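Dear colleague,

I am passing a structure on to you, and below it you will find my notes on what was found in it. Please read them with the structure open beside you.

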Amino acid sequence: MIGRLNHVAIAVPDLEAASHQYAAMLGANVGAPQDEPDHGVTVVFIELPNTKIELLYPLGENSPIQGFLDKNPSGGIHHVCYEVEDIGAASERLKSEGARVLGTGDPKIGAHGKPVLFLHPKDFNGCLIELEEV
Ligand code: CO
């Protein structure tokens with residue numbers, strides 16, 4: 001069901017420093033910061049030849065990233081995103097298998113303008129999984 005790895009998201013305590021590090025030290029193609037108020041994050045996209053990295057930084061109060069950074073002050077991998085062709089079918093299949101879809105259980109429009117949903121990390125070996133319809 002799942003296809004390509006769409007991105008790995010890393011929560012960072014200092015977005016400017018992390019962007020600079022990826023550009024200057026790792027020689028990556030680093031984009032400009034984008035505020036995503038609906039998701040409570042500022043995101044920097046890094047294009048790699050085979051996937052993307054998203055640097056996540058809290059935006060506003062009640063950002064979902066803030067609690068993660070409180071627990072992981074130096075930052076860390078926040079989620080991985082796999083591509084699916086039909087997110088509605090993926091959601092039904094996962095729920096029928098007993099996996100917990102976060103939030104309302106219905107797909108939302110994600111940071112790339114495409115439908116996404118998140119799966120409970122306790123059902124997937126401690127890893128928060130995002131599915132994105134492509
Ligand atoms: Co993501």
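**The cobalt site and its surroundings**

The cobalt ion is coordinated, at 2.0 to 2.1 Å, by His 7 (NE2), His 79 (NE2) and Glu 130 (OE), where donors are N, O and S atoms within 2.8 Å of the metal (3.2 Å for Na, K and Ca), and the site may look incomplete because water is not among the atoms. This is a predicted model, in which local features need pLDDT of at least 70 and side-chain atom pairs count only at pLDDT 80 or more, while totals for chains, interfaces and linings use all residues. Residues are numbered from 1 along each chain as its sequence is written, and side-chain values use heavy atoms, with hydrogens and water left out.

Along the sequence, the spacing of the cobalt donor residues is H-x71-H-x50-E. His 7 in strand 1 (residues 5–11) and Glu 130 in strand 9 (residues 129–133) are 123 residues apart, so that the pair links distant parts of the chain, strands (E, at least two residues) and helices (H or I, at least four) being DSSP runs numbered from the N terminus. Both His 7 and Glu 130 are buried, meaning under 20% relative accessible area, with exposed over 50% and partly exposed in between (1.4 Å probe, protein chains only).

Strand 9 is also joined to strand 8 by four bridges, the two running antiparallel, and strands pair if DSSP finds at least two bridges between them. Here Val 116 has Glu 132 in strand 9 as its bridge partner.

Ser 63, in the loop between strand 5 (52–58) and helix 2 (64–71), counts as buried because its relative accessibility is 8%.

Best wishes
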